[in-house]
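Work through the exercises below with the structure in view. Each task is followed by a solution in steps.

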Amino acid sequence: MKTLGLLGGMSWESTAIYYRLLNEIVRDRLGGLHSAKLLLWSFDFAEIAERQHHGDWDGAGVLLVEAARKLEAGGAEGLLLCTNTMHKLADQVQASVSIPLIHIADATAVAVKRAGMQRPALLATRFTMEQDFYKGRLADRFGLDPVVPDAAGRDMVHRVIYEELCQGIVTETSKAAYIAETERLRREEAADSVIMGCTEITMLIGQQDFDIPVFDTTRIHAEAAVEFALG
């Protein structure tokens, strides 16, 4: 089993889910007392979020590269960025180390394609929904046609992530708002599925809330990482 290095704490709420999922999937695959071999670097997310919202992606990149190199030096044989948004810097992180980075968008796109879907609704941070590093990768590399909420919808989805989910707050009001926005995208934009494109969204909604396929990027990423570790 290879050792995985996790760049986490973005937020720690979803990183805790990663830790549980990685260990559960390894246990399910290998049985008995088996668990995942992991190294975790957990950021103070306030320092990352401040750079995100001020557009200081270079500053955030410096922090990620430094941590990635420490994980590699500590024995990690593969890297996970435990966040969709910070995959904006995935190429920079990958270039800084000699071990592979398991890309969350690639793993998600493979799952969407395997399910025969083409036009997923992408719910995520404003950065992921509005910038091209994620949507463009889904389109250019995998031929998908993701759709995102309108400006008001993007504001709502983004606000819930930072002001609620990243702080461990889960409410029925926000759940209803996410479901309603997804139904609107389905009705008005012909969305055929849903990508939970922020790793905290799994705290709020899931497949049980929809009758179209839902792609949980947190679980999909963890499953891809275990495939790498055991492959």
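**Exercise 1: a sheet**

In strand 6, the residue Phe-215 is the bridge partner of Ile-195. The model is predicted: local features need pLDDT of at least 70, side-chain atom pairs count only at pLDDT 80 or more, and totals for chains, interfaces and linings use all residues. Residues are numbered from 1 along each chain as its sequence is written, and side-chain values use heavy atoms, with hydrogens and water left out.

Task: state which strands form the open sheet and in what order.

Solution. 
1. Strands (E, at least two residues) and helices (H or I, at least four) are DSSP runs, numbered from the N terminus. Two strands pair if DSSP finds at least two bridges between them.
2. Strand 5, residues 193–196, pairs with strand 6 in the parallel sense over three bridges.
3. The open sheet has three strands in the order 4-5-6, with parallel pairing.
4. Strand 4 (120–123) and strand 6 (214–216) are at the edges with a single partner strand each, so one side of each has no neighbour in the sheet.

**Exercise 2: salt bridges**

Task: find the salt-bridge partners of Asp-155, Arg-159 and Arg-186, and say how each residue is classed by accessibility.

Solution. 
1. A salt bridge is a side-chain nitrogen of Lys or Arg within 4 Å of a carboxyl oxygen of Asp or Glu; by this rule there are 19.
2. For relative accessible area, buried means under 20%, exposed over 50%, and partly exposed in between (1.4 Å probe, protein chains only).
3. The partner of Asp-155 is Arg-126, with the closest N and O atoms 2.9 Å apart. This pair links distant parts of the chain: Asp-155 lies in helix 8 and Arg-126 in helix 6 (residues 126–130), 29 residues apart. Asp-155 is partly exposed at 40%, and Arg-126 is partly exposed at 24%.
4. Arg-159 forms a salt bridge with Glu-164, where the closest N and O atoms are 3.2 Å apart. Arg-159 is partly exposed at 34%, whereas Glu-164 is buried at 12%.
5. Arg-186 has Glu-183 as a partner, the closest N and O atoms being 3.9 Å apart. Both lie in helix 9 (residues 172–189), three residues apart, which means a separation of about one helical turn. Arg-186 is partly exposed at 29%, and Glu-183 is partly exposed at 27%.
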